[in-house]
Amino acid sequence: MKRICLIALALMLLVLLFAWGVLFYPMDAELPSGGSLEAPSAEHWLGTDNLGIDIFAQISKGFFHSLSIGLATALAAFLIGGVLGVAAGYAGGKTDVLVEFLINLFLSVPQLPIMIVAGAFFGQSSLNIICIIAAFSWAPIAKQVRARTMSLRRSGYLVLARSYGGGLWYLFKTHMSRDIMPLLAISSLAVTGRAIVQESSLAFLGLSDPLAKSWGLMIARCTAFKGIYFTNFWTWWLLPPVLSLVLSTLLLRLLTRALESYWLEKE
Amino acid sequence: MNKLLEVKNLSLSYPEFSLHPLSFSLDYGEILAVVGESGSGKTTLLKGLSCLWEEGVKVSGQVLLEGRELLGMKEEQRRQLRMRSFAVAFQNSTAWLNPSMTLREQLKEVLHRGYPARELPGRMRELMETVGLSPEDLGRYPRELSGGMAQRFLLATAIALEPRLVLLDEPTSSLDVAARDSFAALVKRLNREKSIAFVIITHDMKLAAMLSSRMMVLYNGHVEEMGSTAGILDYPRHPYTRGLINASTGLNIVRDVWGIRPEVEVDKPHHSCPFYGRCTQSLPLCGREAPELKDWGDGRLIACLRGGIITLLEGREISKAYGRQQVLENVSIKVRSGEVVALVGRSGSGKTTLAGILGGYLRDFQEGSLLFQGEAADMEQLHRREGGVQMVFQDSETALNPHMTVLQAVSEPRLLAKLGREEETAVSALVDVGLPGEESFLNKRIKTLSGGQKQRVSIARALTMEPAVLLADEPTSMLDPSSKANLLRLLKSLQNSHGFSMLLVTHDLESALKVADRCFLLKDSRLEELRISDYVSSSIDSVFAD
């Protein structure tokens with residue numbers, strides 16, 4: 001419990017920092033506000049890029065872009081994985097066979113190549129990115145939820161409640177949600193972290209919305225800058241987006257793990 | 001062939017009690033036992049047969065002894081027949097002997113009606129020896145006799161003039177086991193050697209079982225069942241008869257005994273089945289109509305509108321295989337109304353599978369059918385209505401949602417089945433299973449309860465649906481010996497008071513034999529009925545023996 005609070009606090013600080021960066025930091029994230037490739041200073045906390053745009057402002061904006069894509073993906077995965085998992089586990093029979101086939105299909109295909117192809121095919125917009133990442137995120141959730149539902153389904157109280165005439169919604173609400181919802185929530189939180197990395201990967205490859213401020217795009221532009229490693233420009237242009245990516249996904253991952261073990265302990 | 005005794009529509013009515021018209025006949029040399037609880041009209045019947053009723057009793061019908069009608073006869077004529085053609089030995093023997101006369105004088109009084117005086121001493125000695133008393137006892141006064149001796153002497157007076165028929169009223173009620181057994185042997189010998197027919201009035205089923213070849217069961221002035229003694233004891237078909245047998249300590253030396261439940265409060269109109277209210281299978285019809293004594297096949301006469309004990313749940317030729325492994329093969333089982341059936345077998349023999357199928361929770365069996373009250377069972381409906389089928393699952397840990405409160409869990413069935421009165425029934429069911437019905441307990445979470453409490457809550461939940469058949473799968477397997485004993489007794493007493501039928505599934509053969517009325521063994525995917533008496537018996541004959 002203490003660990004969860006600590007990690008959540010760290011995450012909150014990160015969010016506040018970037019929120020401050022978006023709301024109160026005087027530099028603009030879109031327009032040049034200084035010279036090209038200025039080193040960090042009191043004015044430009046993390047310096048500027050080759051176009052003279054402030055790096056900290058870009059990273060702050062990128063954080064909310066990444067986070068919103070991550071959360072939207074997680075929500076989609078939560079819904080798809082939850083509904084399909086419960087349906088397969090509860091109904092059994094043909095539904096189960098079909099859903100299990102889909103789960104295995106999405107788990108077994110190599111994700112990145114397909115994502116790249118799909119991303120290239122459907123065009124570069126944030127919505128498409130969300131859809132593509134969500135399509136590859138629901139399967140593990142559905143698999144877990146399905147297994148859980150199946151074991152619940154066999155438990156005496158569900159068998160009996162069904163025999164007394166309890167409908168599916170009643171059964172889910174009264175007898176299954178308490179066991180399934182935490183599982184769903186935790187798996188979805190894990191999806192958020194993964195989605196941020198995947199979005200950055202796609203952006204790095206140029207498959208994301210080119211206008212949006214994204215960490216992946218920043219990294220791509222930086223690494224594409226000829227001779228970046230001959231100077232020390234990379235220390236304030238490349239490192240900040242990479243570190244914020246690592247830090248935010250790491251914190252999310254740690255939070256998921258802590259919640260998971262807390263829930264398991266409680267069981 | 002002529003009958004020794006023929007009774008046609010004999011009926012006696014007192015202001016507060018009446019013996020309803022009954023008919024039966026008795027062959028020469030036959031022994032008929034009339035059994036029933038106190039107040040069932042046994043002694044009234046005897047008074048009617050022996051024409052010894054009090055003033056103000058209305059008597060109707062006919063009693064024909066060797067073709068002569070007794071009831072319409074003048075008392076002088078009847079006196080000629082008394083002792084010569086038929087004799088009576090009443091209950092509470094010493095009270096019928098004159099305390100100021102020796103046995104010799106009393107016996108002489110009877111004998112001189114049939115024998116010349118010089119034959120009397122020899123005849124007396126002979127009679128005393130026949131009934132197992134010594135001729136020296138003739139000089140004693142009744143107060144010097146033990147109960148058994150008095151009973152024997154009374155029998156000696158009854159057979160003194162060699163009648164064809166002797167009526168015995170509760171001959172052994174004041175005797176100990178050994179005395180009863182030797183008295184029974186005496187009656188049997190007299191019946192065999194002198195071919196005297198007996199009508200034995202008794203509430204002792206054991207005595208009836210030992211002596212009679214036919215049995216008549218009386219309840220509240222009505223004949224409920226009549227047939228061969230062996231047949232009735234083996235398979236009683238009236239709920240009352242079964243109740244009497246289950247209540248008999250003599251027939252259930254080792255097993256637990258349970259009396260018939262006292263009358264539950266029902267609105268009982270005048271024209272109703274006399275057993276309505278105590279019966280476990282009453283229909284509304286039983287409250288409106290009195291059943292006639294009818295032959296329901298194989299010579300058994302039963303007074304029941306439903307034709308005797310009905311079969312509630314029946315599985316016919318059920319087969320089930322998991323993959324290649326055959327678990328059940330052509331299994332047929334019947335659960336009758338108001339009985340406890342045990343299904344025993346070793347672990348993994350398929351008991352739970354069979355219980356699941358019978359309970360309607362396991363639908364995918366390969367062959368066979370389920371019947372409820374003789375009709376194809378719609379298990380889905382039976383789970384959702386009162387008087388249906390309910391099951392208490394083996395694992396009480398997963399049978400209840402751990403996050404629910406006790407009240408939520410127990411009131412859930414009626415809530416979902418939309419039967420109403422959820423909370424009220426839940427509380428009374430909890431009280432029935434011995435749990436507190438207070439607010440603080442009702443609001444406890446299931447996960448905070450102990451294993452035994454969860455088991456009871458599970459049972460209470462099933463009881464709220466007032467099932468006709470309750471299936472209990474290993475209800476005691478997780479419990480310690482004392483809780484197990486308590487739970488078994490609880491289940492049996494609930495069964496007894498609520499009148500439902502119970503199928504008890506267990507690997508615990510010992511407990512099963514203790515509480516079950518019938519027992520089935522599941523072995524090698526087949527079902528076999530065990531005769532409980534073959535396995536549970538005890539010999540106590542030697543304890544009181546001389």
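I started with B:Asn220, which sits in the loop between strand 9 (214-219) and strand 10 (222-228) of chain B. Strands here are DSSP runs of E, at least two residues, and helices are runs of H or I, at least four, numbered from the N terminus. The model is predicted, with local features needing pLDDT of at least 70 and side-chain atom pairs pLDDT 80 or more, while totals for chains, interfaces and linings use all residues. Residues count from 1 along each chain as written, chains are lettered from A and ligands numbered from 1 in written order, and side-chain values use heavy atoms, without hydrogens or water.

I noted that phi of B:Asn220 is near 50°, positive in a residue other than glycine. Most residues other than glycine have a negative phi. B:Asn220 is partly exposed at 35% relative accessibility (buried is under 20%, exposed over 50%, partly exposed in between; 1.4 Å probe, protein chains only).

Next I checked B:Ser525, in the loop between strand 21 (518-523) and strand 22 (526-530) of chain B. Its phi is near 60°, also a positive value in a residue other than glycine. B:Ser525 is buried, with a relative accessible area of 10%.

I then looked up B:Tyr535, in helix 19 (residues 532-535) of chain B. B:Tyr535 is exposed at 54% relative accessibility. B:Leu513 is 22 residues away from B:Tyr535 in sequence and 8.4 Å away in space, C-alpha to C-alpha.

Last, I went to chain A. A:Leu17 lies in helix 1 (residues 2-23) of chain A and is partly exposed, with a relative accessible area of 39%.
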